[in-house]
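Welcome! Have a look at the sequence and the structure below, and then we will walk through a few of the features together.

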Amino acid sequence: MTSADSMTVTAAEPMLPVPYRVTSRIAETRDSVTLRLEPAREPLPPFRPGQFAMLAVPAIGEAAISVSGGPASRDGALVHTVRAVGKVSRALHDAPVGTVLGARGPFGTTWDLPSAAGRDEVIVAGGVGLAPLRPVMLGVLAERGGYRRVLLVAGARTPAEFLFRGELDAWSGRADIEVELTVDQPAAGWDGPVGFVTEPLARLSLDPECTTAFLCGPDPMMRFSAQMLLRKGIPPGDIRLSLERNMQCGIGLCGHCQLGPILVCRDGPVVGYALAEPLLTIREL
Amino acid sequence: MHAVWLATVTAPGAADAVIFGREGLDRLVEVLIADDYQVIGPTVRDSAIVLDKLDSAAGLPAGWGVDTAPGRYRLRQREDAAVFANSAGPQSWKQFLHPPRRQLWSAGPDGEFRPAGPVSPRYAFLGVRGCDLAAIGILGRVLGRVAHPDGSFTRAWQGLFVVAVNCTEPGGVCFCASMGTGPAAGPGYDLALTEQIDASGHWFVAETGSEEGARLLAEIPCRPASAGEVASARTDVDAAAHRMGREMPAVDLRALIQDSMESPHWEDVANRCLTCANCTMVCPTCFCTTTEDVSDLTGEHAGRWQRWASCFEPDFSYMHGGGVRQSGASRYRQWFSHKLGTWHDQFGSSGCVGCGRCIAWCPVGIDITAEAARLAELAQQAQEERE
Amino acid sequence: MTGAARPLAAFPVFAQLPEAELELISSTARTVRFAARQRLFSEGHPAQGCWLIEDGRVALDMAVPGRGQVVLQTLGPGDVLGWSWLVPPYRWHYGATSVLPTTATELDTERLRALAEQDPRFGYTLVLTLFESVLQRLQATRARLLDLYGSPNDQR
């Protein structure tokens, strides 16, 4: 999770995208899709959980998208879940199979799963924040014996807006993972919990000595969830957040992603709660 | 500049200094041009002293001085023919090392991304003051010595030849002394000149700062400087340190700013600040950029360009449907707290060199040193109230 | 009254309560069980009873003409159900239905109110304790109001 992770120089021309082709699209919700991208030429170096790529749609623009896939596959494929919220993400979201996009990366700090080995892992996701956290779950499941309890608490706006629903169902069915899904607004046919993500979080009984928490979602959701974890005795040093800010370059040169003393692309997006807390509470920082 | 940043520059002593006359300066420019450098230096244009390509030293602003104050910059005719007796103009050297607009790549229908070719010639900067030399060094720490350097900047920076000038004529808005960047030029030059002009003549005390500097100096007719001549030049520069127009308060700015993020003072500035972004354009260390994607009508040929941006732009921090920093107060706070505070955290030094350009070119005359002093005052008051 | 199966102190809401107060409240407690889809109470009815859920799930709902029975919130293990017995008009503001088979500790709120009136200090402690739960529920509800997961493209 140190910025040393992002010190790997990825290319002689770090602003030059490398061509990647869309080889599959899975519609997750009404406005989110998971894209699988395969290198058209040489692959980029392997991406680790928590890192992001700058994905380019020529003539439209670039967006910073976290990886949402598992440990790097041998063919160098990239998996990203994109929500259509702006011009570039809409273009990425709509890109048909076969489209050649540009990719740059890997950039940013990682969730640093190895440092949490042997502990209880609490994954707290809000909305599309589940996407950057999926690699954490996949990383844990790839080596389940290396971790103690694994708990996933995921909130979504409505039942239809959960990402990765098939996988969520599969994980819920496993005896070795505890899954709590909750919605802000129920819909017909939903028998599950209704309430903000901090409510199932509050009901968990956690071991403060041996728990690492991974949080991702809108800033206020991460703040409220972190406060709930602190109330349960989890030390700030064991709470990790994935931050997001406007990014133009992804490599610490354009200045857009500044958040107080840090550059989110270089010192984040994954940061410890002790560092993040004062930054998230200053208005319009 | 060759290897200067990596090698230890020995402080030039009296033994290194030489003297050449006004015609020596002409010869210096000729020699640089003959050596395939594009010489950039100050010249008068549009009622200001701007930086531009020089074909000869005749283009230098001989006999021109400037009057500067918050929101004010005027040329005035001097009684002598000094060429460097004027403080910072509206532009800085960053426009050559970090151009306002440059192409990053182009892409054709074949799906290949091609990097744009290098744009900068080999530059020789003539007349770089201490503040601006420090600013070039700061840009080097921001864009050059990082995990992913800006290739275009690095190429221009590494090939640079710098003729610095030790300042003897500080301006009304200057505060380099309190920022530790002048009036004497710090390390990083190939040649440093101190202009001397009086009834007996017009000459320059020149010191070398690199092998390349020495090599070029050898082509100019000059004679060794006497100890007295060197001392006289030093005295003029030291005197300039005491004639600064203003000074930054001598407090731990980084800590002060960290404690002042919720200060009511930002609203006070916001009532005056137009968020016009002039300060970021004239500042020699502001480096922020934005990318722009363009294409032709067919959509088959696309390109990406990089242009200067400013944290004062409302959409600079755009995310999730709106800017994070929407109020003018938050945007001024961002610029100020970054320049004087969090720059330390991000790049290991202050971002301000005390050139005063932001004060002169602010249409409403906001003075960064006065704002810092006011913050310090408010913090002091709050401290007293607590006790 | 039979004692509660799970000690009261095991519920987060009462975790910080002194022994004496816990005993008083315990004296009003008994364990109850609901099958799935059982109506615990309805909106408008006299508010009697307070439940500390041990396991299962209860939904708070309200009838909205044209939308049917709308679920506002679900409660699970450790949560407190029912506060309207404490303040006038002592009527339920929502309905409550078990979603899953649910076990809970039920408190005799008539007795609790009587005890609180006799011993104002106990009453103050009780109310403060319940207030904390209300505050947490309110904060979570406000967080939902923020509609944080909505798209910037949605009308706001």
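How many bridges join strand S6 of chain B to S7(B)? There are three, and the two strands run antiparallel. Keep in mind that this is a predicted model. Here is a short tour, topic by topic.

**The sheet in chain B**
- Strand S6 covers residues 101-107 of chain B, and it belongs to an open sheet of four strands in the order S7-S6-S14-S13.
- The pairing in this sheet is antiparallel.
- Strands of a sheet pair through backbone hydrogen bonds.
- At the edges you will find strand S7 (113-115) and strand S13 (289-295) of chain B, each of which pairs on one side only.
- From one strand to the next, the twist averages 25 degrees.
- For one bridge you can look up yourself, find B:Ser106, whose partner in S7(B) is B:Arg114.

**The nonpolar core**
- The largest nonpolar core contains 232 residues, and B:Phe125, B:Val163 and B:Ala206 have the most contacts inside it.
- Helix H3 (residues 130-144) of chain B gives the most to this core, namely nine residues.
- Leaving aside residues up to four places away in sequence, B:Ala206 touches several residues, including B:Ala17, B:Phe20, B:Leu193 and B:Cys222.

**The two domains of chain A**
- Chain A is divided into domain 1 (3-107) and domain 2 (113-242).
- The centres of these domains of chain A, taken over C-alpha atoms, are separated by 24 Å.
- Where they meet, 13 residues of domain 1 of chain A are in contact with 15 residues of domain 2 of chain A.
- The domain 1 side of this contact in chain A has three nonpolar, eight polar and two charged residues.

Key:
Residues numbered from 1 in each chain as written. Chains lettered and ligands numbered in written order. Predicted model: local features only at pLDDT ≥ 70, side-chain atom pairs only at ≥ 80, totals over all residues. Pairing = 2+ DSSP bridges. Axes fitted to C-alpha atoms, helices over the stretch in contact; angles between N-to-C directions. Core = buried A, V, L, I, M, F, W, Y, C linked by C-beta atoms within 7 Å. Buried ≥ 20, exposed ≤ 12 C-beta atoms within 10 Å, placed from the backbone. Contact = placed C-beta atoms within 7 Å. Domains from an automatic or database assignment. Nonpolar A, V, L, I, M, F, W, Y, C, P; charged D, E, K, R; others polar.
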